[in-house]
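Reader: Walk me through this fold, please, and back each label with its cut-off.

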Amino acid sequence: MIKKIQLHLENNFPHLKGKKLLLATSGGIDSMVLVHLFHALNYQIGIAHCNFQLRGNESDEDERFVKQFAHENQIPFNTISFQTEKYANENKLSIQLAARKLRYDWFNEVLAKENYDYITTAHHLDDQVETFLINFTRGTGLEGLTGIPSQKGTIIRPLLPFSREEIENYVYENGITWREDTSNASDKYLRNKLRHNIIPILKELNPSFLDSFQNTLNHLKQTNELAEDASKMVYEKVVKEFEGKKGINLTTLLQFKNHKSYLYQWLNKFGFTAWYDVYDLVNAQSGKQIFSNTHILLKDRESLLLYSKPIDDVIEEYIINEDQKSLKFPLNINQCKVDNISITTNNVIFVDENKIQFPLVIRKKQEGDSFYPSGMKGKKKLSKYFKDEKYSLIDKENQWLLTSNNEIVWVIGKRADQQFLANETTQNIIKIEITE
C-alpha cells in the first residue's frame, strides 16, 4: 500500500512535497493508517485530535492514545475538547453536523496559528460509497452523486482511492494499533445502517463492486464537469450581473430545452430547496417571490432577479446637516453653496436654499409619498412615477430619496422636485451632487 499511495501522491498531489500537513487523527483505524503512511514517507506532519466528549471515558482514552503515539514518534500534537451536545442544542444542529462544524473551524484555526499548509483527512473509498448512497436516498443533483472531493481548498483526502479492506490489510501487515469507536457498531445513524446492512449486500452481488463504483464515480465527475461547462456558457448569454444582483433573462433562457437544469445549477448554491416553486416562478405573475435563508428570487416582467435579503438592522435614514459638506453612506453626496447654476445632470441638482429646511434626510420610499417631478406637469404619487418609469420591485426598494421636512426634494440620481429647484433669479443656490 505504501508504494501505491506514494505513486498516488506523486501523480495527484505533487504540491504536497515540502508542505506542512495537519493530519486529522481520531485514533481510529483509518486515521492511524494515514499518519503511519505520511510519517513513513517523511512528510512534514502534525496531528490534530478532537475530543467531542460524546462517549465519556472512551473519548478521553482516545485522546490519551493519540497523544502518546505523537509523543513516541516526535510528531507535533494539537488537541481540543468540545461540549458537542450543548453546541448542537444551542445551534439546532444534529450531533454529526455540530461535530463537523466544530472540528473544521478548529482545524482552520490551527492551520493559521501553526502555519500548516493543508488539513489532511482519512476518508477512503468505502466512505465514498456511503456518501453517495446517503445523498442518493435523500435526493440530490448530479454534483451530490460525485462523492467526496479529493481536495477542497486546504482540505486534502489522499486515501479516497483505497478501500477499507486495503487499510485493514496494511494495519495487520504492519502491526499498527488503533482505537475502536464503539458507536460504529450502532445502527442509530444512517451511515452505519448503510455500512452494516446495504453495502455488504452490494459487495456480495458484485465482488468487484468497489472497482465498478470507482469507474462510475469517475464517469459522473466527468459528466458533471461537462454540465458545469455548459452551464457557464449559457450563463454568459442569459444572466446579467449588476449592483450586487443577478438578472436571468427568461426570454433567452426558455430557448434552451433544459432551462430547469440551468436554474438548478445557478441557484442551488444560494440555499433554495423548493425547486418546483422556483421552476413555477418562470411562468408566474410579475412580483411573485421565492425565499431562501439568505436570498430572494423575484419574477420581474421577463426576468428573474436574484439578490441578497436585506439586513434587518440597517439604518433607513441618514441626516445631512446645514454645515455638513458631504455624506459617505449610503451614497457619496456632496453639497456646497454656489453662485450660479451650471450644467445639470442626473447626478447633480441645484436647489433654492430658501425653499429647503435642514436637516435634509436621505431615506427610502414611504406610504403616501408624492412630488412634483421636474419637466412634468402637476403632482404625482411616487408609486405612479415608479410604475411609469418601469421600476422593478428591487429598484423601488433600493431607490434613495432626498427629503426636506419629509417632502421629496430629489429621487436621487433620477428626477428632482421642481418646487425646490433653483432658477436664474435664485440668490442662494446649493449644489447637491452624487460622486463616485
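**Labels and their cut-offs**

Author: Let's begin with S2, helix H3 (residues 57–72) and S3, which make a right-handed β-α-β unit. This is a predicted model, where local features need pLDDT of at least 70 and side-chain atom pairs count only at pLDDT 80 or more, while totals for chains, interfaces and linings use all residues. Residues are numbered from 1 along each chain as its sequence is written, and side-chain values use heavy atoms, leaving out hydrogens and water.

Reader: What makes a crossover right-handed?

Author: Point the strands away from you: if the path from the first strand over the helix to the second runs clockwise, the crossover is right-handed. The unit of S2, H3 and S3 is of that hand. Helices (H or I, at least four residues) and strands (E, at least two) are DSSP runs, numbered from the N terminus.

Reader: How do you know that strand S2 (residues 44–51) and strand S3 (residues 77–81) pair?

Author: Pairing asks for at least two bridges found by DSSP, and S2 and S3 have five, in the parallel sense. Ala-48, for one, stands opposite Asn-78 in S3.

Reader: In the open sheet of six strands, which order do they take?

Author: S3-S2-S1-S4-S6-S5, with mixed pairing. S3 and strand S5 (151–152) each have a single partner strand, so one side of each lacks a neighbour in the sheet, and they stand at the edges. S5 pairs with strand S6 (residues 155–156) in the antiparallel sense over two bridges, and Gln-151 has Ile-156 as its bridge partner in S6.

Reader: What does His-15 touch?

Author: Not counting residues up to four places away in sequence, His-15 touches Tyr-118, Gln-151 and Ile-156; contact means heavy atoms within 4.5 Å. His-15 lies in the loop between helix H1 (2–12) and strand S1 (20–24).

Reader: Why does His-15 count as partly exposed?

Author: Buried is under 20% relative accessible area, exposed is over 50%, and partly exposed is in between (1.4 Å probe, protein chains only). His-15 has 29% relative accessibility, so partly exposed is the label.

Reader: And why is Ser-404 called buried?

Author: Because its relative accessibility is 2%. Ser-404 sits in strand S19 (residues 401–404). Leaving aside neighbours within four places in sequence, Ser-404 is in contact with Ile-356, Gln-357, Leu-360 and Val-409.

Reader: Where does H8 have a kink?

Author: At Ile-198, shortly before the proline Pro-200, and it is about 35 degrees. The bend is the angle between axes fitted to the seven residues ending at a residue and the seven starting there. Asn-192, Leu-194 and Ile-199 are buried in H8, and the buried residues of H8 pack against helix H6 (125–138).
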